[in-house]
Amino acid sequence: MMTRERWNFLWRKAKSRGMTLLAVLCVVLAVAPLILIFSYTLLQGVSALNMDFFIQMPKPVGEPGGGMANALAGTGILIGLGALFGLPVGIMAGIYLAEYGDNPLGATVRFFADVLSGVPSIVVGVVAYILVVLPMNHFSALAGGVALAILMLPTVTRTTEEMIRLVPHSYREAGLALGVPRWKTTVRIILPSALKGITTGILLALARAAGETAPLLFTALGNRFWSTAIDQPIASLTVFIYDYAKAPFEDWNRQAWAAAVVLIGLIFLLSLLFRIVTRQRYAEH
Amino acid sequence: MTGKRIITAPVETTGDGEAILPVAAPSLSVSGRRWNPGDFVFKHLTLFFSLVLLSLVFLMGYEMYRGSAITLEKFGWEFLTTSTWDPVMDEYGALPFIYGTVVSSLVALLIALPLGLGVAIFLAELSPAWLERPLSFLVELLAAIPSIVYGLWGIFVLVPWLRLNVQPLLSTHLGFLPLFKGPAYGFGMLAAGLILAVMVLPIIASISRDVLRAVPNTQREAALALGGTRWETTKIVLGTAKSGILGATLLGLGRAVGETMAVTMVIGNRADISASLFNPAYSMASVIANEFAEATTPAYTSALIEIALVLFVVTIILNAAARLIVWGVTRKFRTA
């Protein structure tokens, strides 16, 4: 004979099981698009990749073949410019937050860094347009670099801060106990200890900046020819993907996938590297 | 922490390891360490760059405010409530773009919130330890894929699938709803909402997971000790974490509102206001992406900059609110 309590208990247990199952279903549904996007991009991209992609210039409209050598160089230059403007500010601000930032000012800077990371990249592009393109009167790699610098700033700052905070306090105390000035302790002991984490974190930030399209559309603009001048419009992988994806030529679509797989591969590898490095750090203490 | 330290030993040493006598006391700072010019310079140098970051946010707002002066003055608040967008006649109203952004973001949240919450619950409460790390990595990777790649996938996979499979099915079975009326283009609000859902899901999932993890274990133990099942325990944890989950949702919304490339590639780019999710629409970010480089008159540029300004203000408010909420929640539990 089953009592009411017994039924109630079984019902509650069944409900719990059902909810667990539902959560598992959510995970499956969430991971499915990732696997779909990832595998489809790989499938399309890897078969489209060839040596030409890396060393050839884009062919005129209608002619099959060619590559994106200029876009690879362009993305490299844009990232370089972004790093040139963004890294010093980001790293120094990160050091401030980690070493001297336990006060209201530090909290404010941290807060604004987080808020800045939520500003849409297209808005950052508009700002770079106002700040650089308007005064110069034409589109340029420089403007694109400024946009990317603003975009990578929050990530670089917060990664630097977090990686410095992971360095055990005993390191700092050892330096100070030997009478080493504080700034020398930071520069000669703390930073080298945090270097692996900071470097991989920054590389990841750079790779993600390389994946930005929106802020480049009306700053760096794009260029079908070889150009490395920073005061001229410059090609980039992402803007090429955008143009080639919309174009009604199968061969261009194919090259868009090839560029996508290069981008995704870069970001995937650096994410993995960052993960491994920070995991080691955690494991040490 | 490494803030102020009191040094009780009477003898200090300089950076060169040379002992100095207590006579040098006047040069000691309050913290007990000898004042070092290098320290002063280094600290203020880092402080300077922090202030650069801080002022950048204000500079951005100011520059866009200045840049949109023409339309701000000419149309005022009507800019946000009228729907004529005519660069030839210099008439600008941003309503269709605002509508497109709001509706596509809401569709995205409607899908991503329950799913993301389910993922967060799984990761924080149910997952076996060995599965958690790779799964977290996968979810975070989803957030790192560039927007343009989502767009590419959207154009070549999602849109044809919607046009050929999903939309005919929806219109035969649910066609009586105004939401699912009209011809199946594939491109449109539905495609934009779906691709946004995929994009904001990792944000909602990973932040909700962090918030759930911050809930003290004593709560779970108490619920289990009272004979609660796993789900009943989770419900209690969810109740504690609900404001944090709201924060995660706002962050996801902020991302959806500002998302540009993927949306531009699938939303159809037509400035219409229509109840049907099948119809092509336009979003604020997309109109900037498509028209900014070609804006020829000062008023046209000003109108587009004003849209960027609105996006900026909205995302700043969403992010600020979300961060404050999430901070409040995690700090409360840390000190508890």
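Of the 336 residues in chain B, 44% are buried. The model described here is a predicted one. The secondary structure of chain B consists of 12 helices and four strands. Contacts between residues at least 6 apart in sequence were also examined for chain B, and 75% of these join residues at least 24 apart.

The two chains can be viewed together through a pair of helices. Two packed helices are described by the angle between their axes and the distance between the axes. The crossing of α1(A) past α5(B) is left-handed. On the side of α1(A), the contact is made by A:V27, A:A30, A:V31 and A:L34, while α5(B) contributes B:L135, B:L138, B:V139, B:L141 and B:L142. Sorted by class, the residues in this contact are nine nonpolar, with no polar and no charged ones.

A:T185 sits in helix α8 of chain A, which spans residues 182-210. A:T185 counts as buried because it has 22 C-beta neighbours inside 10 Å, and the cut-off for a buried residue is 20 or more. Beyond its neighbours within four places in sequence, A:T185 is in contact with A:R172, A:G175, A:L176, A:V180 and A:I190. From A:T185 to A:A174, the C-alpha to C-alpha distance is 9.0 Å, with the two residues 11 apart in sequence.

Methods: Residues are numbered from 1 along each chain as its sequence is written. Chains are lettered from A and ligands numbered from 1 in the order in which they are written. This is a predicted model: local features need pLDDT of at least 70, side-chain atom pairs count only at pLDDT 80 or more; totals for chains, interfaces and linings use all residues. Helices (H or I, at least four residues) and strands (E, at least two) are DSSP runs, numbered from the N terminus. A residue is buried if 20 or more other C-beta atoms lie within 10 Å of its own, exposed if 12 or fewer, and partly exposed in between; C-beta atoms are placed from the backbone. Two residues are in contact if their C-beta atoms, placed from the backbone, lie within 7 Å. A crossing is left-handed if the near helix is turned anticlockwise from the far one by less than a right angle, and right-handed if clockwise. Ala, Val, Leu, Ile, Met, Phe, Trp, Tyr, Cys and Pro count as nonpolar, Asp, Glu, Lys and Arg as charged, and the others, Gly among them, as polar.
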